[in-house]
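Me: I would like a close look at a single part of this model, namely its open sheet and the helices placed on it. Please treat it in one connected account.

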Amino acid sequence: MDRINVTKSSMPGFDEYMEELRPVWDSRWLSNRGAASKKFEEELKKYLGVEHVYCFANGHVALEVAIDGLFLPKGGEVITTPYTHISTTHAIVRNGLVPVFVDVEPDTYTLNPDLIEKSITDKTVAIVTTHVYGFPCDVEAIDKIAQKYNLYVIYDAAHCFGVKYKGVGIGNYGDMAMFSTHATKVFHTIEGGLITYKEKDNDKLRPMRKIVNFGFTSQEDIDYIGTNARMNEFEAVMGIVNLRHIDEEILKRKKVAERYWEHLDGVQGLRILKPNKDTEWNYAYFPVILDGFKFDRNQLKDKLADKNIFARKYFYPITNEAACYKGAYVNADVPIAKYAAEHVLTLPLYADLSQEDVDRICDAILNDN
């Protein structure tokens, strides 16, 4: 039987991509904010319904540079979630800041705002947290806390391209939001990332546009200790073309999710996470929680792999228990995040996954053989 991966990149037509690429090819302007990058950012602003967008080489450097551009005091504490990709935690630590792990909510596995305040100290400078599986955090509660304590809020919205909350694009919440446009995401630019933000003239947001280019503020002036985090023109072109098809790609993903629901809703010992009524979801992932099912999470993952179906333990481990942070944060009080890491399995979901293949996956899950 054919292999079914946990994800597969959506691709535009080859000729369509090449036609959009032709001006870049002819110009030989392949990086350093050429015409394609600028065009892409303008189209993104319209689609995401945000004031400002800036493109990066990947989502991790986007988040790292965004935090860097705030010039937060070294050793400052950042309220964050352990239930996220390790990138989120790395971006905090690599900026000389201290992650303070707070547990997550049981229905969405996003940061629990009821637990934030008791972790705030006079060293707290920001909240950096993740919209998990495309499910938004409780943005209203988090914003209220941030305003009360004068904290920056940065959202890792890597999973959330196209998501809306109460009719508003998710990139409008917080001071900034980072979207990954890696090849495995709902929307991709091969490799890449975006930062959305408001207040064009805010001095705390503008430096990231310079940091991304080694800190140059002119051809001869280098005012920041920068890095190289620029999106190239080939990636921007992929983004321009994929953006034309994103709504139909999300609709295809929705049909896959609905097929899963037909088979798996109500199965004893298997719980499915779903968005709430206020969320316009992008069907980024299909996470199931296995607790009391006839197979535990690891057993089911192995059983599917034996049938050439590859699901993923995502996120695992929780980031405070990663080997690189051994001994530093392992005692964080995050039982729900730890439970999620031990019980969640994300099933294959991508736009081109056929209904027949969803049936095959569900048959493998539900049958004992």
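Across which strands does helix α2 (residues 35-48) lie?

Reply: This is a predicted model, in which local features need pLDDT of at least 70 and side-chain atom pairs count only at pLDDT 80 or more, while totals for chains, interfaces and linings use all residues. Residues are numbered from 1 along each chain as its sequence is written, and side-chain values use heavy atoms, with hydrogens and water left out.

Helix α2 lies across β1 and β9 (193-197), and its direction is at about 130° to β1. Helices (H or I, at least four residues) and strands (E, at least two) are DSSP runs numbered from the N terminus; contact means heavy atoms within 4.5 Å. Angles run from 0 to 180 degrees between N-to-C directions, with axes fitted to C-alpha atoms, for helices over the stretch in contact.

The open sheet has 7 strands in the order β1-β9-β8-β5-β4-β2-β3, with mixed pairing. Its edges are β1 (52-56) and β3 (98-101), each of which pairs on one side only; two strands pair if DSSP finds at least two bridges between them. On average, and ignoring direction, neighbouring strands are turned by 25° against each other.

Within the sheet, β2 (residues 77-80) and β4 (residues 124-130) run parallel and are joined by 4 bridges. Here V78 stands opposite A126 in β4.

A further helix, α4 (residues 86-93), lies across β2, β3, β4 and β5 (152-156).
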